[in-house]
Amino acid sequence: MPGRRTLLIPALLDDWFPLLQHAFASDAWEPVLLTEDRGLAGLGQRYFHNELCYPVFLVAGQVLSALASGKYDPARCGVLMGQAGDECRGSCGIRLTRKALDKAGYPQVALLSLNVRGIDRSTGLPITPGMVRRALAAAVWGDTLAILRNQTRPYESHPGETQALWSAWMKSLGDDLRRGENLTRRQIMARCREMVSAFRNLETVPRQVQRVAVVGEIYTKYCRLGNWDLENYLAAERCETGVGGITWYALYYMDSHALKGPLPQRKLYRLLARYMGSIQREMLEILHRAGFRTLPPLSEVKEQAADFAPLNCTVADGWLIAAEAAAWSNLGYRKILCVQPFACLPGHIFGKGQYTALQRKLPGTRLVSVDYDASTGPGTVESRIRMLLDEELDF
């Protein structure tokens, strides 16, 4: 549409943002996913002290790199930043980034806050029913595609076919979202069945592979910038990777924040969680009937975690980390990478604080914690991952 401004979206959810971006399109904004990936942490560190968490450096660096590229007119640009609205320091990210943009000479660039907690109301991106509808479809489709790809790629007969099919489906579904098509619940599930059929038709061969689950902080779990392309690293090592989808995270957020805030807000969270939970169950039934493994629905993951995780811990990723680790272990993923960004205080306290006790409660399972930071070399990180991959476990 003529007259629309460019809405820059920093990387976060690699398997979902190509679809989710269409939820943020409007008469005012045209969304663009940022792809810059060189020297981002160093660029971000020029504007912040080094005690902030690693994702803050990467997000700011990616935005500044994009603006300096000359591809965008700063006077007609905005930047969309998500905010959890809890004790995570990322909830201050928009204000920190504002200072960095002003200092770098981009005071005209608008910053838009995406959150459901009423933070920074003056910069909030309005959340409309149409946005929620497209975002729900994108979350379900993104989860389905990620599960299908991760469990098909290790066994493909022709290298590259699985990723190519994933990319083709991302384009097709992105077209649906852009045009506002196939967005009823029945149509969303019909597309899930089509995806399952397409991946089942890929030629595969039986292979001996390692099953490795990845749990941890949201940015390092879902973003290749935050985890140094961990997904492709594990794929190259012939691993079948288990990563909880974004519907589990969204339902965890609704569940934990249903305990906070005014009564009307808590009731709304419970209603949304009930509806989204029923959709998640329908998605999982489709995958299970085709022989794919998934985490249980979030409600069951929470029930199973009662003896493993402190369920009253709802700061940042809270009990979800331990709950997912226990659930993946029950599914046969006995090697678990716990990923965190360095200097994430909630992650280190409420995430890493659970690992030792969790390891004792999961015999036959090995948990290895990996920190990502600008000052850490790739050799340090890879050596910890190799320590997990090369270990022989007793079953």
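**View 1. Gln62 sits in helix 3, which covers residues 54-68.** Helices here are DSSP runs of H or I with at least four residues, strands are DSSP runs of E with at least two, and both are numbered from the N terminus. This is a predicted model, in which local features need pLDDT of at least 70 and side-chain atom pairs count only at pLDDT 80 or more, while totals for chains, interfaces and linings use all residues. Residues are numbered from 1 along each chain as its sequence is written, and side-chain values use heavy atoms, with hydrogens and water left out.

Is Gln62 buried or exposed? Its relative accessible area is 1%, so Gln62 is buried. Buried means under 20% relative accessible area, exposed means over 50%, and partly exposed is in between, using a 1.4 Å probe and protein chains only. A polar atom of the Gln62 side chain lies 3.3 Å from the backbone oxygen of Leu34. A polar contact is a pair of N or O atoms within 3.5 Å; within protein, one must be able to donate a hydrogen and the other to accept it, and residues adjacent in sequence count only if both atoms are side-chain atoms. Setting aside residues up to four places away in sequence, Gln62 touches Pro10, Ala11, Leu34, Thr35, Glu36, Leu40 and Leu225. Contact means heavy atoms within 4.5 Å.

**View 2. Ile9 belongs to strand 1, residues 5-9.** With a relative accessibility of 3%, Ile9 counts as buried. Which residues does Ile9 contact, leaving aside its neighbours within four places in sequence? They are Phe17, Gln21, Phe24, Pro31, Val32, Leu33, Leu34 and Leu80. Take a look at Leu80 in that list: Ile9 and Leu80 are 71 residues apart along the chain, and their C-alpha atoms are separated by 5.4 Å.

**View 3. Leu19 is part of helix 1, residues 17-20.** Leu19 counts as buried, at 1% relative accessibility. Not counting residues up to four places away in sequence, Leu19 touches Ala138, Trp141, Gly142, Met170, Leu173, Gly174 and Leu177. How far apart are Leu19 and Glu231 in space? From C-alpha to C-alpha the separation is 19 Å, and along the sequence it is 212 residues.

**View 4. Asp176 lies in helix 6, which runs over residues 161-179.** Asp176 has a relative accessible area of 3%, so it is buried. Its contacts, leaving aside neighbours within four places in sequence, are Trp141, Glu181, Asn182 and Arg191. You have met Trp141 already, as one of the residues that Leu19 touches.

**View 5. Tyr106 is in the loop between helix 4 (93-104) and strand 4 (110-114).** Although this is a loop position, Tyr106 is buried, with a relative accessible area of 15%. Leaving aside neighbours within four places in sequence, Tyr106 is in contact with Leu64, Leu67, Ala68, Pro74, Arg98 and Leu101. Tyr106 and Leu64 are 42 residues apart in sequence, and their C-alpha atoms are 8.9 Å apart in space.

View 6. Where does Asp229 lie? Asp229 is in the loop between helix 9 (224-227) and helix 10 (230-236), and with a relative accessible area of 31% it is partly exposed. Arg238 is found in the loop between helix 10 and strand 6 (239-243) and counts as partly exposed, at 44% relative accessibility.

**View 7. Helix 14, residues 318-330, is mostly covered.** How many of its residues are buried? The count is 12 of 13, including Trp319, Glu324 and Trp328. Just after helix 14 comes Gly332, with a positive phi of about 100 degrees.

**View 8. Stepping back, the protein has 17 helices and eight strands.** Its radius of gyration is 20 Å, close to the 21 Å that the globule rule gives for 395 residues, so the protein is as compact as a globular protein of that length. The radius is taken over C-alpha atoms, and the rule is 2.2 Å times the number of residues to the power 0.38. Along the principal axes, the C-alpha trace spans about 60 × 50 × 45 Å. Of the 395 residues, 54% count as buried.
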